[in-house]
Amino acid sequence: MTIATSGTSKRRNDLGLPAEVTSFIGRRQEVADVKRLLSASRMVTLTGPGGIGKTRLALRVATELRRGFPDDVWLVELAELDNPTLLPEALVAALQIQDHSAHRPIDVLVERLRDDRMLVILDNCEHVLHESAVLVQRLLPSVPGLRILATSRQPLGIFSEQTFTVPTLSLPDGPRHGAATTSDAVRLFAERAEAVLPEFAVTEQNRDVVDRICRRLDGLPLGIELAAARLRVLSVEQLLDRLDDRFRLLSAGSNAVAPRHRTLRALIDWSYSLCTENERLLWARVSVFTGSLDLEGAEEVCSGDGIARDEIVGLVIGLVEKSVLVRDEYPCGVRYRLLDTIRQYGRERLAASGEESAVKRRYRDYYRRLSREAKARLFGPGQAELLTRLRVEHPNLRTALEYCHAEHAGLCIDMASDLLHHWITSCHMGEGRVWLEQGLADSGGGSEVRARALWACSWLAIIQGDQASATKMLAESRALGERLGLEPVLGYVALYSGMVAMHEGDGASAVRFFEEAVARHRATEDPFGEVLALTRLSLAYSVLGDAERAIAAAEDSLSVCDAHGEHWQKASTMTVLGIEAWREGDTRRAAYLERESLRFNRSLGDSLGVGLNLEVLAWIAATERDYERAAAMLGILRNVWEAVGVPLPGYAHLAGYHDECESRTREALGRSAFRAAVERGARLSDDEALADVLDEPTPTAGRSGGTDRWSPLTRRETEIARLVGQGMSNKEIAASLVIAQRTAEGHIEHILRKLGFTSRAQVATWVAEQAAPAD
């Protein structure tokens with residue numbers, strides 16, 4: 001779980017930069033040149049044809065510059081974005097900003113990034129060129145610490161842009177002895193050839209042939225990698241002969257195309273011709289996927305009409321071996337992707353095949369089924385894995401929604417409603433509401449699908465604090481439900497109407513709505529809806545001071561959860577029980593319930609749930625008169641709710657408890673001490689904050705044969721403790737780690753408190769003991 005904050009220094013870049021699965025060859029001068037441009041300009045665009053290595057160069061530059069950006073380096077992959085209007089939403093999601101406000105995404109970006117120092121890579125801008133230019137022109141003046149490194153086949157065309165044309169890899173200077181081994185192009189060919197043929201090496205006997213192959217390929221990195229993969233079945237001499245044949249045939253055609261584009265096209269044509277008929281067919285069909293795909297997706301979408309389902313796995317293996325498909329490891333398992341240039345080629349072949357519409361329809365229907373199955377399986381075990389899968393599939397889900405909307409808006413809102421909890425737990429809540437509202441505006445009429453989309457969209461509006469829109473949508477949904485006799489719809493309308501009533505301070509009406517919702521969901525045998533209603537009913541009773549009924553409703557909810565192996569809503573119910581335990585004065589039980597709930601919400605990535613857990617833990621600390629801790633928790637919460645965009649979204653009626661906690665803590669500590677304690681909490685990173693709240697130790701490596709020793713310090717605190725042990729001052733530590741001096745001071749205060757020490761000398765002694773061999 002990432003606690004997102006208004007400053008991205010508190011938001012860990014969980015995705016990070018992609019690992020270099022193959023070595024980076026050469027490009028020393030290019031890396032230096034781009035770094036120099038970025039030091040002088042805040043907007044640099046790497047240009048060049050597909051396959052020239054723009055992305056790899058950008059990632060290498062970013063990796064080398066990372067320490068200079070305290071708020072990290074972020075990659076935004078735009079090749080997956082087919083709808084240019086969703087570019088701001090894509091950037092919000094890529095930066096892991098879990099915004100739950102109703103503000104425009106571009107305004108959210110400006111507000112959240114205003115004080116940050118970060119580097120953002122906008123990769124593959126050519127198909128969203130205008131939108132990228134507009135976005136950059138809005139962000140750069142508003143975010144002084146932002147630098148952007150873009151890759152595109154052409155410049156964005158904005159005033160402040162510096163461009164760098166990425167050259168091909170260096171080629172041998174000539175036939176003199178030993179030149180081939182020093183060429184970047186030959187080095188790349190040799191390394192990639194060795195990967196497919198371990199015994200391969202550039203020798204005196206084959207040096208000239210390898211040299212000529214690299215020259216024939218114009219030093220184009222993608223071309224060299226595709227050609228090297230052919231050494232599984234060809235000798236270097238056979239490879240050169242076939243390259244000569246292929247390019248002589250190509251050069252007999254039009255000269256209107258640039259040589260490097262003709263070279264790459266010829267290489268891909270040749271790779272295509274070397275595939276079997278069914279491999280070619282699969283290549284064309286998998287190009288319909290946006291982003292990545294798994295084996296199941298390939299089997300569902302690409303089999304039939306000439307490819308048997310049980311052939312798919314072998315064909316996928318063949319395309320991986322031919323360097324057409326790239327194999328990647330994801331949190332949800334092995335997946336495959338096409339490089340953008342390879343995908344575009346496949347889409348051309350798919351369009352020419354005459355089966356494009358049929359494959360797109362299968363693709364759309366597959367993701368509609370996946371969304372429907374995800375909704376059906378959401379209540380029960382495996383939720384974290386399921387929601388992780390949906391996040392990985394988001395580019396495909398978005399494209400499928402576009403196909404649905406293009407055919408009929410009703411299909412779009414049906415699928416978008418199924419994905420309701422994906423929108424809520426991911427960085428795509430704003431996008432989810434856009435899909436639902438756009439589909440509702442275009443669909444009209446009265447149907448069960450529309451009624452369901454209305455209450456689904458109302459929940460997103462409630463979370464975003466837009467109660468007026470939610471009320472309007474719920475009224476229409478209720479009218480449709482009553483006219484069509486839709487008990488499930490009426491159950492959810494009652495549930496969300498109760499939430500609106502709670503927001504308005506009408507607890508009695510809220511109780512009536514929640515009791516109606518419980519009854520309707522029980523009658524329709526919907527345990528998910530029943531638990532949601534029971535949890536909210538318990539909270540309503542608690543707010544009204546009816547502890548007995550609050551506990552009874554929560555215990556009913558826990559029973560339903562346990563009967564279905566449900567964990568997420570069980571965590572929500574434990575949160576509510578924790579609130580009631582705190583209200584009754586049992587702070588020990590309340591803290592236990594909130595921490596147990598927090599652990600699951602963190603694993604699920606539920607930022608709303610995490611925020612609510614932290615709220616109650618702050619109230620508990622104040623009740624126990626641990627005011628320093630309460631103030632630090634309020635600092636953490638300030639970051640959480642600023643990141644979410646709305647304080648206590650969906651739980652605004654609890655704001656009075658927050659205000660009381662803050663007032664009480666400020667009065668106890670005094671204004672100055674209160675402010676300092678809040679700032680200490682606000683400076684904590686997400687890892688540090690949750691480790692502190694949950695009292696979770698972090699393993700640190702000792703020297704005892706690799707055995708971990710347990711320390712109460714976080715990884716960052718351990719690093720700083722070691723620097724203290726080296727005798728560094730706070731200023732020197734800050735400079736060494738490229739952090740603010742006050743941040744270093746805050747870490748040292750935490751180290752002293754956690755270790756129970758009063759001096760830096762004690763910390764130095766402790767560090768030495770940790771490093772000593774174990775007995």
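**View 1. Helices α3 and α4 cross in this predicted model.** Helix α3 covers residues 87–94 and helix α4 covers residues 105–113. Their axes come within 8 Å. The crossing angle is roughly 40 degrees, which makes α3 oblique to α4. The crossing of α3 past α4 is left-handed.

**View 2. Residues in the contact between α3 and α4.** From α3 come Pro88, Glu89, Leu91 and Val92. From α4 come Pro105, Ile106 and Leu109. Sorted by class, the contact of α3 with α4 holds six nonpolar residues and one charged residue, with no polar ones.

**View 3. An open sheet of five strands.** The strand order is β2-β3-β4-β1-β5. Pairing is parallel. Strands β2 (73–77) and β5 (162–165) stand at the edges. Each has a single partner strand, so one side of each lacks a neighbour in the sheet. Neighbouring strands are turned against each other by 20 degrees on average, direction ignored.

**View 4. The pairing of β1 with β4.** Strand β1 spans residues 43–47 and strand β4 spans residues 146–152. The two run parallel and are joined by five bridges. One of the residues in β1, Met43, has Ile148 of β4 as its bridge partner.

**View 5. Helices α1 and α3 on the sheet.** Helix α1 (residues 28–40) lies across β1, β3 (118–123), β4 and β5. Helix α1 runs at about 175 degrees to β5. Helix α3 also packs on the sheet, where it touches β2 and β3. The direction of α3 makes about 140 degrees with that of β2.

Notes
Residues numbered from 1 in each chain as written. Predicted model: local features only at pLDDT ≥ 70, side-chain atom pairs only at ≥ 80, totals over all residues. Heavy atoms only, no water. Axes fitted to C-alpha atoms, helices over the stretch in contact; angles between N-to-C directions. Helix = DSSP H or I, 4+ residues; strand = E, 2+ residues; numbered from the N terminus. Parallel < 35°, antiparallel > 145°, perpendicular 65-115°, else oblique. Left-handed = near helix turned anticlockwise from the far one by under 90°. Contact = heavy atoms within 4.5 Å. Nonpolar A, V, L, I, M, F, W, Y, C, P; charged D, E, K, R; others polar. Pairing = 2+ DSSP bridges.
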